[in-house]
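I record what I looked up, entry by entry.

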Amino acid sequence: MILPRKSKYYVAAFALLGTLFSLAPLVIQWANYTSPIYAFENSFVVDKFSIILKGLFILITYLTFLLSINFIESDKYYQGEYYYLLLSSLLGALIVSSSRDLLTIFIGIELASTPMFLLSGWKKGDRKSNEGAIKFFLLGVLSASLILYGFSLLYGLSGELVFSNIASYLLSASLASSPVVLLSAMLVISGIGFKISIVPFHSWAPDTYEGAPLPITAYLSVSSKATGFVALIILLTKVFAGSGSSWGVILVIISGLTMTLGNLVALQQNNPIRLLAYSSISQAGFILAPIAISGITGDYQDGIFASVTYLIIYAFMNLGAFLSVHLFSNYAGSSDFYEWGGVARKSPLAGVLTTIFFFSLAGIPPLGGWFAKFVVFRSLLGSANSIGIALGVVGAINAVIALVYYARISKVIWMDELKSVNEDKIFQFENPLKVVGVFTVLITFVSGIFPGIFSYLGEVSSIFFGN
Amino acid sequence: MELFTNGIGLSAVVFFPLISAFVITLIPKAQEQLIKRFALASSLITFVLSAILLFQFDFSSAEKLQLGNKISWIKSINANYEIGIDGISLPLLVLSTFITVLAIIYSLEHLPEPKSPKGFLALILVLETGMNGTFVALDLILFFVFFEIVLLPMYFMIGIWGDKTVRTVSGFKNQIETRLYASIKFFVFTLFGSAFMLLGFLGLYYRGNKTFSIPELIELGTSGAFTGTFATLVFAVLFLGFAVKVPMWPLHTWLPDAHTAAPTVGSVLLAAILLKLGSYGFVRIAIPILPEQAKAWAPAIAILSAIGIIYGSLACLAQTDLKRLIAFSSVGHMGFVMLGIASLTPIGINAAMIGMVAHGVITGLLFFLSGSMAHTYHTRDMGRLGGNMKLLPKTGALLGFTAMASLGLPGLAGFWGEFMALLGAYNPLDGLNTTVFRTSMVAGAIGTVLTAGYLLWMLQRVNLGEPSDEWSDKDLHDADFYELSAWIPLVILTVLIGVFPKLIFGATNDAVIAMLSKAFGG
């Protein structure tokens, strides 16, 4: 922000380098890892779980910057502030993944989401952007207050802030499944439910996604969602583990509804961003399913493994999908994807990338998405519980429904006739975007063909659960 | 030939086409000749590799899984890269590599609109990887992945190169191009089946000591590890997954649409190989792992097969579209294959095996011929065709020959599958309801008559008679060099299998007997 206007170019470069550079300590921590390190009286922890998630958040932010460069320069946006706010949100996400007490996690969650209120309204002249940002802001404040209320109940009961102390207090006072704790869990789930846009807390998402600048939408649907999920996982397993059989059932129902509703509405969309918004709602249902079922079975380790694997694969393929939408809507100048007929022939590279991302979202082998879906089904059926199996069947049906709209994009860009207005246009595929495309597509492929790389997550989730 | 004993040869047969497809995408679009030659060469190399497997394969112990390997793949869930072939999968694997070569030869000069050989040939090769992989996979997850890999290339093949005729489809407000409707229908149907199949695989995994290995699960299954409601449910979902692919009545409705809409080569591959993935799944996975359930379900499968045979034939009689007729004939022929499988006897399953190969060869050829004719005449309407023997003597003669083979003329490949399937159904496995099976057999026998009826009627309408006037001033090309080099090998194979069925039985018989005696004792 302090740089003169002329040298705004350096801001982007500095932000990019800075994020990359911040990966270095993570690598060192990973390499020298022996056991979890606690700080600030057990309220902050560095374990493999948090290191991996931090790596994920930093990479996502890095890719979002790459997506943003041309976008931000194409208009009179405030560059310095843009990067500053995104980096603040990243800091929030990083705090969440390490936090082990009520205050730290609350600050993390809010630090991650508050900058997004501003960023989603970044297109100042655009009514939709303003509308989306206002909705997002109001519901965001509501969600913060719900979380706080839930926390205050916990604090009032136990007088403790640190998770491990709260959990052991609840256990010793045999309050773990008392109505008050359950109420608190419900409040926290509702509050975080807004962040991860699960039914019935999802209504803001399509409007906000549509109004926000595209890179911000991508970030919202990937990083913000992941942050919310991480917070939810930490809270449910570290604090509310004792009442799992109660919130588990509720989350199973929410998860099934989220998948189904997101999918059915996505079928009707002709705006690619809204389609991705509903698709990401439906995907959230899948991510939630293993956590929900682990509440019932008590096998949190497997639930965490499945959810985090899904989150990681989803993050990259979804970023890729947003890249595709960005490219084609810029090219065709239309936010109705039925207008994109035949555009893949203009740029086969972009066409192939798009096909890969969308079919990966649909879960077709050998693309990464299949393994994500697979681990979810695995943990659902592994529960050997009729609710889990029922949710698995709902998920299987949803996977088929989702194929219809994911395949539709590929159908339009490859099989429909090229619109005459698009015939002479030149396809723009800037280098930073190519980097995003190649990077995400590599991860999508590698995670689908060699899913073995996720095996270490099993170990990671056992460490996470062990401390 | 050490390379072939440790699984590398087998892996090469699976992955060489995929690597070639990737290389093709790197060749610039303008170099069409190079792309075509490269694709042809790589499909030939794959075929040669699979032919070497034939010589490496020890036929004296065809019931053993051979030439394979097992490498750790996804440790956290104990899924392995486990491959191998026995007498059941070997004929299908070779058929797959063989048909792919012919498909590529045909495509060299006969690419459907919009040409673009690069994309088309690359998709065929990716498809080949999926098909070959399914036949060699011995791990349920590996099987699932290959089983699904075939969907994407076929979806795009139908959707991009398919039939552009606009038609009204019930349930759609606007008219829609056949290819678009057919491609997504094909995809959704198959995915629906396989999504549930995956749930079934997971069920087996959790009940069966957390293994996905098919041989291990067979051991567990035959020693009675899977019983009760659980096993019934698992068999039901496996049935769903495989029966959609076969396709069995009443899950067949995607097939006529997909076949009619697909480009010629697409229909050939679909009929010759893709349908076999389903029936192969029954023989390789569903029956040996869940023998008791297979026995319980066998009467139902037999009845559905019999309905399929009759329904397919009757539907054929009602067709005016040549390609659609052949598509429905597939429903009937695969009905015979499934009837043979349902009998759970060596003779019935051997019939199914030879029936699969024969159907691949014969119906593949029929789709080649009808596709070529549709290209020449620009119509598939049998009412307008006629006198084909006079207009296109070579194509006409081949069509006559293939139709004879398809209706099960003794001495040609189609005979054995139908005849032995009926024989198997006459005398099914002990303990199965003979009334049901013999009724199915009678229905099947009626089906053979109907099959002869519609094929001969088709020949009469298309091949015989006087050409209509509309063709008199048209310049019609008979089969050219590329077409004949794709077709003649199939003709030879039809005769060879017809005269020496031992070509197939020599491989399958021991394996089938071993599989059945393991599953049902005795």
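I began with what covers the buried residues of α18(B), and I found that the cover includes α13 (291–317), α14 (322–343), α15 (346–377), α17 (393–406), α19 (434–462) and α20 (481–499) of chain B. I count a residue as buried if 20 or more other C-beta atoms lie within 10 Å of its own, as exposed if 12 or fewer do, and as partly exposed in between, with C-beta atoms placed from the backbone. Helices (H or I, at least four residues) and strands (E, at least two) are DSSP runs numbered from the N terminus. Helix α18 (residues 413–426) of chain B has 10 of its 14 residues buried, so it is largely enclosed by the rest of the structure. Among the buried residues I noted W416(B), E418(B), M420(B) and L422(B).

I note that this is a predicted model, in which local features need pLDDT of at least 70 and side-chain atom pairs count only at pLDDT 80 or more, while totals for chains, interfaces and linings use all residues. Residues are numbered from 1 along each chain as its sequence is written, and chains are lettered from A and ligands numbered from 1 in the order in which they are written.

I then turned to H259(B), which is found in helix α11 (residues 254–261) of chain B. H259(B) counts as buried because it has 26 C-beta neighbours inside 10 Å. Leaving aside residues up to four places away in sequence, H259(B) touches S267(B), L270(B), A271(B), K323(B) and A327(B); contact requires C-beta atoms, placed from the backbone, within 7 Å. I computed 9.8 Å between the C-alpha atoms of H259(B) and S183(B), which are 76 residues apart along the chain.

Next I examined the strands. β1(B) and strand β2 (residues 79–85) of chain B pair in the antiparallel sense over 6 bridges, where pairing requires at least two DSSP bridges between two strands. They form a hairpin with 4 residues between them, and N78(B) in the turn has a positive phi of about 60°. The bridge partner of Q66(B) in β2(B) is I85(B).

For the interface, I found 27 residues of chain B in contact with 24 residues of chain A. On the side of chain B that touches chain A, β1 (66–74), α6 (140–149), α7 (151–161) and α8 (178–207) of chain B each supply at least two residues. The largest share, 13 residues, comes from α8(B).

Last, I recorded that chain A has 17 helices and 2 strands.

Notes. Two residues are in contact if their C-beta atoms, placed from the backbone, lie within 7 Å.
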